[in-house]
Amino acid sequence: MAYSKKPLVGIIMGSSSDSRIMQGASEILDAFSVRHEDQIVSAHRTPARLSEYAKHAEKMGFKIIIAGAGGAAHLPGMIASHTVIPVIGVPILVYNDKQLEKTDTSKFSAFGGLDSLLSITEMPSGSPVVAVGVNKAANAGIYAMKILANEFPELKKKLVQHKLSQHDSVMKESEQLKKEGLTKFAKRKFN
Ligand code: RP5
């Protein structure tokens, strides 16, 4: 059952190359049956569209915006400066496959994602953006569910269930590790 006929969350990203990371957020929202609208909005390539998107988000009644960007990641902060809708930022370790050869090692951010993390979290006072860890889009999805759970009790139940299943999966793995022994377990899992 979806909680609303209209999307409750807007997911945006600075580039199509961010989609492989940002799908972590949409997978969580889908699992919790929460509708979302997904778009590419580039703060530096489509700056006018950015302010239009903020208006669109308000008109749509989004309760949360999840915004992912890499490098000098100004998208989440700029969106937050245009709207009072809470923004969860996802710093992305850039994988730029548009302009560089697949073999070019500089395709990842020179600063390992720290550039985007700081760009998002170090918003000056007055226009805050909360951020998850680098590439942790799924956490942005879970955090969005926690905010929405204040309004939708069914979501709260699902979050409790989600926690229980994490517990159960650790217990299952621990039993297996105990049974096989560390050396065999790690070899089977990672080799
Ligand atoms: C940022 O630049 C995007 O968020 C992306 O992470 C990065 C690289 O974008 P592409 O050059 O791959 O489009 O704006």
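These questions and answers cover a ligand site and some charged pairs in a predicted model.

The model is predicted, so local features need pLDDT of at least 70 and side-chain atom pairs count only at pLDDT 80 or more, while totals for chains, interfaces and linings use all residues. Residues are numbered from 1 along each chain as its sequence is written, and side-chain values use heavy atoms, with hydrogens and water left out.

Student: How far is an oxygen atom of the ligand from an N or O atom in the side chain of D18?
Tutor: Look for a polar contact, a pair of N or O atoms within 3.5 Å; within protein, one must be able to donate a hydrogen and the other to accept it, and residues adjacent in sequence count only if both atoms are side-chain atoms. The side chain of S15 has an N or O atom 2.6 Å from a ligand oxygen. G70 uses a backbone N or O atom, at 3.1 Å. For the side chain of D18, the distance is 2.5 Å.

Student: How much of the ligand's accessible area does the protein cover?
Tutor: Accessible areas come from the Shrake-Rupley method with a 1.4 Å probe; for residues, only the protein chains shown count as cover. On its own, the ligand has 360 Å². The protein covers 92%.

Student: Where do E154 and K157 lie?
Tutor: They form a salt bridge (a side-chain nitrogen of Lys or Arg within 4 Å of a carboxyl oxygen of Asp or Glu), with their closest N and O atoms 3.1 Å apart. They sit three residues apart, about one turn of the helix. Helices are DSSP runs (H or I, at least four residues), numbered from the N terminus. Both residues lie in helix α6 (residues 153–180).

Student: Is K157 buried or exposed?
Tutor: Buried means under 20% relative accessible area, exposed over 50%, and partly exposed in between (1.4 Å probe, protein chains only). E154, at 38%, counts as partly exposed. K157 has a relative accessible area of 54%, so K157 is exposed.

Student: Which helix holds K189?
Tutor: K189 forms a salt bridge with E173, with closest N and O atoms 2.8 Å apart. E173 lies in helix α6, so the pair ties together parts 16 residues apart in sequence. K189 lies in helix α7 (residues 182–190).

Methods
Helix = DSSP H or I, 4+ residues; strand = E, 2+ residues; numbered from the N terminus.
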